[in-house]
Amino acid sequence: MPSQPVRSVRRTVCVAAPAHVVYGMLADAPRWPVLLPSYVHVERMDFDGAGETLLAWEFQDGCVRSSRLRRTLRPQAHRVDFEQDDPAWPGGTVAGSWSVEPDGAERSLVTLWQQTPNASANASANASANASAGTSAGPDGLDADAAGRLARLREAAERWDRLDELLLAFEERMRVEGPAELVYDFLYRVEDWPELLPHVDGSSVREDRPGTQVVVLDTGAAGAGFAAGPDGGAAGFETVRLCFPHAGRIVFKETAPPAPLTAHSGEWSLVPDESGLTVVCAHRVLLGEESLEAALGAGALPVDARRQVRERLGRESRQTLRLAKWHAESPVRRLRQGRGGSRR
């Protein structure tokens, strides 16, 4: 039986970052959503120290696509081998490797090699999948994908010596004595937020698949963002949300966050216990140093942006948490009062 034709691409770029730094970014997949623009969420399903299986969600051309990756990490060689099951590609599988070679003390040569079954042999069978995912099935699709991934990695890695001051992670927590189902319902029904939350003026929700939402929130000039719309009025910010009701989790990422943010991702999670639950809103932010002064004024520094980001996002998270608490506890309170009245 003849072997299946394949298409392969190999691309190399020079990156102004040490080899161990670049390899570390490639190996630390759960951190990709805050470092690499296309990734919404990466879930590590298993890991034995060398091999791992990941579920990854990406947002490209207005669509969310998910894939499963099996990876082998080779830290001594600064190499990651992978096989990705991705219905967006003809044949459904992309195999390849990332390799990083030192090019002096603070520079690296990064090579991405990818191979997939030949596009022309499978194009008709996969045309609809590729169209919905915004991925080209033609001979240039794989090359464009490799070039884009290398460019995004280079941009992130070349901030390596400033990441400590540009990255920010924090969370807000609130105790709730009510059913987890009601808390989750409030967080899931984001289309109702304009009537309930003071920092949300309007919303639109697109849910192409159950649990995968593309949300646009109008927050106004003083809302959740840090920059108003071009006319100084209301600003609409797009967020992708992945909803996992059985796990009590909603993962989110802004697709084009306002300055001075370059990336903003996070998660709502419900942590139950014997008498109720704790609701947690976690944020992970990457600041854009090139937009600090435009967003915050002349002379603004990363420390100023960190303080303002923490204050504004924290305040709005607490507003949402308080409303979720009220939503869950009010029926319980009314039920208790009703029972008390019947005893009298």
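Two residues are taken to be in contact when heavy atoms of theirs lie within 4.5 Å. The model discussed here is predicted.

1. Overall composition. The chain has eight helices and 14 strands. Of its 344 residues, 49% count as buried. Among contacts between residues at least 6 apart in sequence, 57% join residues at least 24 apart.

2. The largest nonpolar core. In soluble globular proteins, nonpolar side chains tend to be buried together. Here the largest nonpolar core holds 49 residues, and those touching the most other members are Val-22, Leu-35, Trp-98, Val-110 and Val-309. Leaving aside residues up to four places away in sequence, Val-22 touches Val-15, Ala-17, Val-100, Ser-108, Val-110, Leu-153 and Ala-157. A second, separate core of 23 residues includes Met-174, Phe-186, Trp-193 and Leu-217.

3. Helix α1. This helix spans residues 19–27 and is mostly covered, with seven of its nine residues buried. The buried residues are Ala-19, Val-21, Val-22, Tyr-23, Met-25, Leu-26 and Ala-27. Val-22, one of these buried residues, is also among the residues that touch the most other members of the largest nonpolar core.

4. Helix α6. Which residues of helix α6 are buried? In this helix, residues 180–188, they are Val-183, Tyr-184, Phe-186 and Leu-187. These four cover an arc of only 160° around the axis, and therefore lie on the same side of α6. Phe-186 is also one of the residues of the second core.

5. Lys-253. This residue is placed in strand β12, residues 249–254. Lys-253 is buried yet has no salt bridge. A salt bridge would require a side-chain nitrogen of Lys or Arg within 4 Å of a carboxyl oxygen of Asp or Glu, whereas the nearest side chain of opposite charge, that of Glu-58, is 8.9 Å away from Lys-253. The side chain of Lys-253 does reach the backbone oxygen of Leu-36, at 3.1 Å. Beyond residues up to four places away in sequence, the residues that Lys-253 touches include Pro-33, Leu-36, Pro-37, Ser-38, Tyr-39 and Val-40. Also among them are Glu-238, Thr-239, Val-240, His-264 and Ser-265.

6. The loop between β3 and β4. Strand β3 covers residues 51–60 and strand β4 residues 63–74, and Gly-62 lies in the loop between them. Asp-61 is found in the loop between β3 and β4 as well. Asp-61 has a phi near 55°, a positive value in a residue other than glycine. Is Asp-61 buried or exposed? With a relative accessible area of 62%, Asp-61 counts as exposed. Gly-62 is partly exposed, its relative accessible area being 28%. Gly-62 and Thr-255 stand 193 residues apart in sequence, and their C-alpha atoms are 9.6 Å apart in space.

7. Further backbone details. His-78 has a positive phi of about 55° although it is not a glycine. His-78 lies in the loop between β4 and β5, the latter being residues 79–85. A cis peptide bond joins Ala-259 and Pro-260, with omega at about 10°. Pro-260 lies in the loop between β12 and β13, where β13 covers residues 261–272.

Notes: Residues numbered from 1 in each chain as written. Predicted model: local features only at pLDDT ≥ 70, side-chain atom pairs only at ≥ 80, totals over all residues. Heavy atoms only, no water. Core = buried A, V, L, I, M, F, W, Y, C linked by side-chain atoms within 4.5 Å. Buried < 20%, exposed > 50% of the residue type's maximum accessible area, 1.4 Å probe, protein only. Helix = DSSP H or I, 4+ residues; strand = E, 2+ residues; numbered from the N terminus. Arc of directions from axis to C-beta. Lys, Arg positive; Asp, Glu negative; His and termini not counted. Polar contact = N/O pair within 3.5 Å; in protein donor to acceptor, adjacent residues only side chain to side chain.
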